[in-house]
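Open the model in your viewer and keep the selection tool ready. The tour goes from one selection to the next and says what is found at each stop.

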Amino acid sequence: MEIIKIIIVVISFIFALGFLMIFRVLQIPSRIKKAEELFNAGEYTLASEIVKTVLEKKKEYVPAKYMRAKILIYQKQYLLAISELNSILQIPDFTKHVDELQIQYHLAELYNLTKQWQKEIQSYKIILSYNPTDQTANQRVGLAYFKQKNYHDAREALLIALSYNPAITEAYLPVAVSCFQMADYDNAEVYFLRCMDRKDTGGEAAFYLGQIYHGKKDLDAAIKMYERAKKEKQFYTKCVYKIAEIHFKLENYSDAIDELESGLHSLKKRDEESIAYRYLLAECYELNNQISEALHHWEQIEQESPNFRNTQMKIEEYKEILADDTLKKMFTATLEEIHPVLSEIIAQLNYNIISKTTLSKSLIIYKAFNTKKINEPPVLICFDRSAKEISESQIQSFTQRIHDEKCKNGIFITTSHFSVKAKSSPGARQIEMMDKDALAKMLARTTGKVKKK
């Protein structure tokens, strides 16, 4: 009888112990479920306390560790959350409790927030290994590549994402810029146009579209886009410069000057882009025959960057020109105003002008016969008003023109000097070269005669 009682007591104890163990096992999931409910209700402190208690008893319990990671994310303790999530990935069979994709999505977002771009990409690559067509993963990995300025991979990933969902508006600008950087201008134009109606991206899109149209030589469309982008402060100076560049190439120097002058207030001291901006303005004044204004800007450039391009040489040349009243007038007057002086010089060289062609504000071509050798073919005379050294290519171009015009030879008159290569150019043998010094001597003899006439 006693034995039976003992057996009953032992069985009861074992049953109670087993029940207690089962209760404890069942209690942990229920406590985590309660923690989740509190977390979703915004009771983060209470949820954290429950998770802490569970982990003290069962430190590798995946649901509790995952909940703690989510709490850490809410608390913006991103590095601790990253550590917690990575520790889950090291636990065998963690996938019984939580999907690895969920963890990788969290990690990718956290790596983004902590600017760990390469690790962010690695997480998204893991996601894509499970699902290559995952729109979100392609979008996010594309944006991560874009932040790294890896435009090739950004373009590929973002185009995939957009092929599944064309309405991902936040991807329009990154994919457009990536396409632009990869010279895929057709796709770039499509997505920049989609950005135009968005307040946050419209200005930048207009600036890039201006560059695309500029490259296509659709200059009216380019200026229209630059004008729109110019309204935003961050693009103002660049757009003014680009618009002026277009006017410069079209030889509309006065328009270019007006544009650049309007933006002078936006220039920064000792900034390379600002110095290039002022250099273009000086060139416009130079080609518009406003020598004093050009010199002013060369000197401004020299103060900030003495070795910028050929600034010092320009200053020396222009100071020399301005010190000579006769040469100064050759620059400040229009070609029509100095035509009588040029005619007198040509007459003194024993030539009679039969035609005149004005190619620009600084370049004029005369065709003339030698008054002492009437039966000979005509000669071609070029007058180039410039302070820039005459190059070999200019001589070659003039030589070709001599042949095209069926002339015997040529005379090249300039207010500058000829480069060594220009003087030794093959075409130079049939060209008489008259540089600034020779011109000054001719002007000294000619000016009085022109006045008397």
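The model is predicted, so local features need pLDDT of at least 70 and side-chain atom pairs count only at pLDDT 80 or more, while totals for chains, interfaces and linings use all residues. Residues are numbered from 1 along each chain as its sequence is written, and side-chain values use heavy atoms, with hydrogens and water left out.

**Stop 1: Glu 84 and Arg 68.** Select these two side chains, which form a salt bridge with an N to O distance of 2.7 Å. Glu 84 sits in helix H4 (residues 78-89) and Arg 68 in helix H3 (residues 62-74), so the bridge links distant parts of the chain, 16 residues apart. Helices here are DSSP runs of H or I with at least four residues, numbered from the N terminus. A salt bridge means a side-chain nitrogen of Lys or Arg within 4 Å of a carboxyl oxygen of Asp or Glu. By this rule the count is 18 salt bridges.

Colour by accessibility next. Glu 84 is buried at 7% relative accessible area, and Arg 68 is partly exposed at 34%. Buried stands for under 20% relative accessible area, exposed for over 50%, and partly exposed for the range in between, using a 1.4 Å probe and protein chains only.

**Stop 2: Lys 216 and Glu 189.** Their side chains meet in a salt bridge of 2.9 Å, N to O. Lys 216 is in the loop between H11 and helix H12 (219-229) and Glu 189 is in helix H10 (residues 185-195), so the pair ties together parts 27 residues apart in sequence. Lys 216 is partly exposed, at 44%; Glu 189 is buried, at 17%.

**Stop 3: Lys 436 and Glu 320.** The closest N and O atoms of this salt bridge are 3.1 Å apart. Lys 436 belongs to helix H22 (residues 436-452) and Glu 320 to helix H17 (residues 311-323), distant parts of the chain 116 residues apart. Lys 436 is buried at 4%, whereas Glu 320 is partly exposed at 42%.

**Stop 4: Gln 211.** Where is Gln 211 found? Gln 211 is in helix H11 (residues 202-215), and at 22% relative accessibility the residue is partly exposed. Leaving aside neighbours within four places in sequence, Gln 211 is in contact (heavy atoms within 4.5 Å) with Phe 180, Tyr 226 and Lys 242. Finally, select Ala 222, eleven residues from Gln 211 along the chain: the two C-alpha atoms are separated by 6.7 Å.

Methods. Helix = DSSP H or I, 4+ residues; strand = E, 2+ residues; numbered from the N terminus.
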